[in-house]
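The following paragraphs lead the reader through one protein chain, from its overall build to individual side chains. Please keep the sequence and the model in view while reading.

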Amino acid sequence: MFLLTKIPKAYLVVENYSSKISMSLKEEIYEELRLTTDELRINTSGYGVRTFGIMINDTRIADNDILTVELILGEEVHRMDDKEDVYALTYQKKNYIDAQGKNNDELSEELLENIDLLLSEFIDQYKEDNE
């Protein structure tokens with residue numbers, strides 16, 4: 001559904017809205033994003049019109065605590081029907097982590113594993129789309 005062509009520059013963002021994940025992980029997550037963009041030769045210096053990032057949220061489903069981790073790419077796009085410029089997610093992939101009974105270290109480790117998986121899938125698709 002998403003096409004990953006023509007991404008010369010992006011602005012990196014990590015948003016942690018979870019009470020279960022320490023803010024101290026943000027820098028490690030930024031570094032993973034930087035390694036990914038470096039591998040794909042996407043410039044991340046300064047500000048870019050595209051936002052490439054990770055969003056982390058707490059969710060509650062049927063009395064279960066769930067951690068949601070999303071890899072997103074957002075940018076301003078031109079709608080064809082009304083000719084308006086709007087901000088849209090042009091890539092989104094998410095994973096869910098069952099947080100029940102897990103301590104902060106276990107959750108942090110599982111979160112980083114999920115981020116690595118999301119970034120790996122992004123890299124594969126980016127390379128395929130840009131062959």
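Two residues are in contact when heavy atoms of theirs lie within 4.5 Å. In this chain, 62% of the contacts with a separation of 6 or more are between residues 24 or more positions apart. The model is a predicted one, in which local features need pLDDT of at least 70 and side-chain atom pairs count only at pLDDT 80 or more, while totals for chains, interfaces and linings use all residues. Residues are numbered from 1 along each chain as its sequence is written, and side-chain values use heavy atoms, with hydrogens and water left out.

The secondary structure comprises two helices and four strands; here helices (H or I, at least four residues) and strands (E, at least two) are DSSP runs, numbered from the N terminus. Along the sequence these elements follow the pattern β-α-β-β-β-α. The C-alpha atoms fill a box of roughly 45 × 35 × 25 Å, taken along the principal axes. Of the 131 residues in the chain, 37% are buried, where buried denotes under 20% relative accessible area, exposed over 50%, and partly exposed in between (1.4 Å probe, protein chains only).

The four strands form an open sheet of mixed pairing, in the order β1-β2-β3-β4. Strands β1 and β4 (85-98) stand at the edges with a single partner strand each, so one side of each is left without a neighbour in the sheet. From one strand to the next, the twist averages 25 degrees. Two strands count as paired if DSSP finds at least two bridges between them; β1 and β2 pair in the parallel sense over six bridges. Within this part of the sheet, Val-13 has Gly-53 of β2 as its bridge partner.

Helix α1 lies across β1, β2 and β3 and runs at about 150 degrees to β1. Helix α2, for its part, packs on the sheet and touches β2, β3 and β4, its direction making about 135 degrees with that of β4. For such angles, axes are lines fitted to C-alpha atoms, for helices over the stretch in contact, and values run from 0 to 180 degrees between N-to-C directions.

Which residues of α1 are buried? They are Ile-29, Leu-33, Thr-36 and Thr-37. Seen down the axis of α1, the buried residues fall within an arc of 95 degrees (taken from the directions from the helix axis to the C-beta atoms), so they line one face of the helix. An α-helix has 3.6 residues a turn, so residues three or four places apart point the same way. The buried residues of α1 pack against β1 (11-16), β2 (51-61), β3 (64-78) and α2 (104-129). After α1 comes Arg-41, whose phi is positive, near 60 degrees.

The side chain of Glu-75 makes a polar contact of 2.7 Å with the side chain of Thr-90.

Notes. Polar contact = N/O pair within 3.5 Å; in protein donor to acceptor, adjacent residues only side chain to side chain.
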